[in-house]
Amino acid sequence: MTRATGTERMTRRQMRPINTSSTEGEKVPEEKPAIGSRNHVPGRWGPTVRRRLRAALVAAAATAGLALSAAPAQAQEEFGIESFSAESSTTQAGAHPDLRTTVEFNTIDDLDDDPDVDALPGGPTAGQVLDLIVDIPAGVSGDPKAVPYCEQADYLEQACPASTQVGVLVINALAFGPFPFPTPVYNLAPRNENEVARLGVNLFETYIFLRPRSEGDLGIEASTLSINAIAGIWKLDLTLWGVPADHNGADIPRKPFLTNPTRCGEIEPPTARANSYGKPGEFVSAVADPAPTTVDGCELVPFDPSASLQPQSQAADSPSAYATTIEVPQNEDPDGIAASHLRDVEVTFPEGVSINPPAADGQVGCTDEELGIGTRDPASCPNASKIGRVEIDSPALSVPLRGGVYLREPTDDELFRLAIAASGQGVHLKSVGIARPDEDTGQITATFHDLPQQPAERIHLELFGGPRAPLANPPVCGTYETEVSLTSWSGKTVDLTDSFDITESPTGGPCPETLADRQFEPTMKAGVVNPVAGSFTPFVFRLKRPDGHQEILATEVTPPEGVTARLAAVPFCEDADAQAGTCGPESKVGTAITGAGAGPSPFYIQSGEVHLAGPYDPDGPGGDTPEAPLSLVISVPAIAGPFDLGTVNVRAAVYVDPTTAQLRVVSDPIPQILEGIPLRVRDIRIRMDRDRFTIAPTDCTETEVTGKATGSHGGEADLQNRFQVGECASLGFKPKLTFSAQGGKKATKRNAHPGLKANLVVPGADAYAEGAERGSQANIKRVQVTLPKGLFLDQASPALTDPCTREEYAEGNCPASSRVGTAVAHTPLLDEPLRGPVYLRTGDNKLPDLVADLDGLVDIDLVGAVSQAKQRIRNTFRIVPDVPVSSFELKIQGGAKGLLVNSNVGKGLCGKKRRQINVAMRAHNDRTHAYKTQMKAPCGKAKAKRLRRQAKQLRRQAKAARRAGRAAQAKRLGRRAERLARRAARR
């Protein structure tokens with residue numbers, strides 16, 4: 001037996017007689033009405049037809065079984081689709097066409113002249129079609145509600161009303177011989193909530209399921225599953241009516257059941273997929289040919305949408321829910337053209353409506369896998385990615401699609417990716433979009449492109465409200481206008497606007513109308529964690545502002561005098577890293593926490609770091625702002641939920657007062673917007689907590705931390721916070737200040753110009769560098785030194801006659817003649833000492849001041865007021881910084897042009913009582929230490945040598961007495977040795 005082509009088979013079938021007799025003797029008409037006519041098939045079959053059909057099926061089954069039992073199996077062609085075609089009664093976009101599809105399978109061998117039916121190839125069912133799936137082009141839509149439903153019980157009794165008929169299926173099968181068998185197609189009532197549409201054919205209880213393709217474009221998929229194999233079906237010809245009431249003869253309202261795409265141009269042809277009983281896991285496919293290739297007439301397709309967007313709250317600078325509704329009126333006139341499907345939505349929010357940082361708290365992004373892109377599965381996005389809800393009404397469905405608005409995982413190029421996922425009646429819609437905030441203003445434009453080509457009568461989308469709402473209202477009151485641009489698949493764009501009013505202040509007071517009208521009243525809290533004088537302790541700073549106030553642009557904080565830090569052994573962050581915010585852990589000195597966003601629950605980033613860096617000029621060389629010797633780098637990684645916006649890097653200049661060493665920290669402007677998100681910084685917390693870094697003062701007087709804050713639109717605020725430490729009384733105070741004349745024996749004579757060396761040692765000051773948690777000594781506050789009676793200022797000294805002026809000193813241009821010596825100070829706070837020249841500088845007194853210009857990592861001006869007291873020269877350092885100093889050395893130059901001169905009477909410095917110096921010192925804890933000391937000078941060296949020798953001998957005797965157990969004698973000898981040593985020192 002040979003296989004013929006489809007055309008040959010059709011010719012042979014057409015040549016066969018078409019009259020057959022049933023058991024009742026009834027004749028089948030030789031001519032049939034055209035496909036699509038309501039007279040083609042009656043609404044239900046009569047009993048005679050049903051009996052004839054059953055008899056034919058039984059005979060076909062019996063014949064097939066006998067043939068297979070008697071004959072050996074023969075090799076057959078593979079199962080496949082021999083032909084597939086589609087046609088539409090109109091190409092007008094949005095019209096309501098009759099759609100016809102015809103599919104023929106190569107499952108049947110050619111029929112010969114024998115009226116008996118040949119055996120089924122490959123067995124009774126192996127080569128027969130099992131499932132048939134037809135994908136209708138995107139944009140073709142249907143409305144199952146346009147036609148009454150046939151209930152399942154009526155369908156099983158083959159008693160569906162004519163009003164439920166929506167088309168005709170013509171079947172060619174071996175069981176029917178050469179005759180095509182037409183049968184009605186009914187609109188069946190969905191059996192469950194997940195069915196969109198189910199059509200039924202009386203023959204074989206065959207169902208055609210219609211559902212949108214959830215894994216793709218939501219185009220219609222028509223599937224017929226588990227097709228009856230015993231009849232030997234080899235061809236199916238289905239026609240569905242665009243307006244069933246025009247064909248089924250029932251007295252029902254005329255409503256459109258099918259609608260053409262509303263997109264003009266070329267369209268994808270339908271495709272068919274089928275498998276067989278023999279190989280159920282293998283599908284074959286075919287593209288319809290011929291098939292409709294174009295849709296036209298889009299200029300006639302109506303599209304008249306409306307849109308609204310409104311906030312839930314009318315309070316300025318507050319988080320709020322936002323709801324938007326888009327409505328597209330539908331045209332249900334069966335003789336008219338349906339409204340175009342919505343393709344693109346672009347919503348431009350008013351400037352001032354912005355993304356609210358608190359929304360990111362605990363938020364995650366939904367992945368494409370969780371969204372179910374490309375699958376039939378519903379979205380399974382985590383609840384933490386949900387930012388709103390959506391409801392879509394479609395005439396194609398009996399219930400609305402309901403679901404959520406989700407935040408998708410961001411990419412490097414698209415941060416704020418959105419998705420809509422809604423389900424209903426077994427349909428799972430997934431559409432992706434994006435929100436793009438303007439980088440300069442934060443104005444948001446949200447877009448969804450290429451929405452599914454299905455009718456949507458109403459789309460209602462609501463973004464959540466509450467303290468962590470995704471959006472925040474504009475910061476001031478007024479009327480705000482939203483722009484909405486809607487584009488249809490027919491190519492029309494409609495631009496709409498909607499407006500809303502912001503009428504309330506977030507704090508209940510008057511509502512500001514301009515950004516500058518807003519209040520600016522931030523509050524500051526600052527101080528040390530461990531308020532124990534002289535101890536290592538973290539220093540904390542916090543600046544907050546209320547909702548509705550101007551944003552914080554910059555801040556400045558000045559801790560009390562004595563709050564300082566041990567910079568020794570702390571490496572600076574390199575300038576390039578400081579600018580980039582990439583400082584290493586070695587320079588970290590503290591932490592930073594920032595809270596941002598509108599509403600009662602700011603979003604806090606707690607992983608910020610504070611690093612120590614070197615000199616910094618805020619406005620660069622040549623600017624008005626001076627360079628600071630130190631700086632802080634405050635780096636806050638802007639990571640919120642799934643978003644990584646980089647690092648917010650703010651530099652702060654650290655100025656050191658040259659007189660008091662008081663610190664003043666001045667920040668650069670704080671960024672107001674990042675990646676299009678207005679930060680709305682509400683809370684700034686700095687904690688300087690590097691181990692053994694920040695030190696409390698040794699002065700327990702009540703004082704305050706002061707500061708300033710600048711608002712984003714001109715507001716200014718002076719800030720203060722009470723400050724006081726305790727336990728000052730437990731700090732000791734016994735520094736040792738010694739003096740020696742310089743210039744040798746010659747400098748001690750009358751009218752000579754000796755040099756002077758003063759050496760200060762503070763016992764216990766180095767405890768800060770030796771691992772102690774607290775110093776044992778209070779810091780020096782005031783020092784007064786009264787020189788010996790026979791030592792005077794030389795009135796002819798160039799420094800005294802032409803001292804440096806304050807202006808020259810400030811500019812660093814003191815004349816060389818005003819320089820009188822050098823000074824060097826060692827402190828455990830710095831790796832290197834401070835050192836520099838000593839000048840006579842004009843001051844507020846009759847005599848010039850003695851000023852030590854100490855330079856190093858920081859610059860300190862140690863100013864001593866020069867005066868006379870009872871014909872003695874006195875120098876008083878009234879202000880000494882509250883910082884630990886381990887040693888200080890001051891040298892006054894001698895020589896012909898020296899500042900000091902010996903008396904012109906007596907023995908000069910070596911005369912009686914000519915080297916006695918009075919010292920009076922006061923600590924910052926108000927302890928005092930006053931004593932008289934002898935300035936060392938090369939006077940009577942032989943006698944001094946003899947006294948030292950005697951003292952040494954007495955110490956040996958005291959040591960021997962202690963060994964012999966004579967403790968009292970040893971003590972007396974020791975005291976005598978010390979007295980002799982002091983006398984020798986005075987020589």
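Visitor: Hi! What kind of model is this?
Guide: It's a predicted model, where local features need pLDDT of at least 70, side-chain atom pairs count only at pLDDT 80 or more, and totals for chains, interfaces and linings use all residues. Residues are numbered from 1 along each chain as its sequence is written, and side-chain values use heavy atoms, leaving out hydrogens and water.

Visitor: Okay, how many strands are in the open sheet?
Guide: It has 11, paired antiparallel, in the order S45-S46-S54-S49-S50-S51-S52-S53-S47-S56-S57. Strands are DSSP runs of E, at least two residues, numbered from the N terminus, and two of them pair if DSSP finds at least two bridges between them.

Visitor: Which are the edge strands?
Guide: S45 (736-742) and S57 (928-934), since each pairs on one side only.

Visitor: And how many bridges join S49 to S50?
Guide: Six, between residues 819-826 and residues 834-841. Ala-825 stands opposite Leu-834 in S50.

Visitor: New topic: how many cavities does the search find?
Guide: Five of 30 Å³ or more, in the whole structure. A cavity is a set of points, on a 1 Å grid over the protein atoms alone, where a 1.4 Å probe fits but cannot get out. Volume is the space filled by probe spheres set on the points, which are joined across faces, edges and corners.

Conventions: Helices (H or I, at least four residues) and strands (E, at least two) are DSSP runs, numbered from the N terminus. On a 1 Å grid over the protein atoms alone, a cavity is a set of points where a 1.4 Å probe fits but cannot get out, and a pocket is an open set with protein on both sides within 12 Å along at least five of seven lines; lining residues have an atom within 4 Å of a point.
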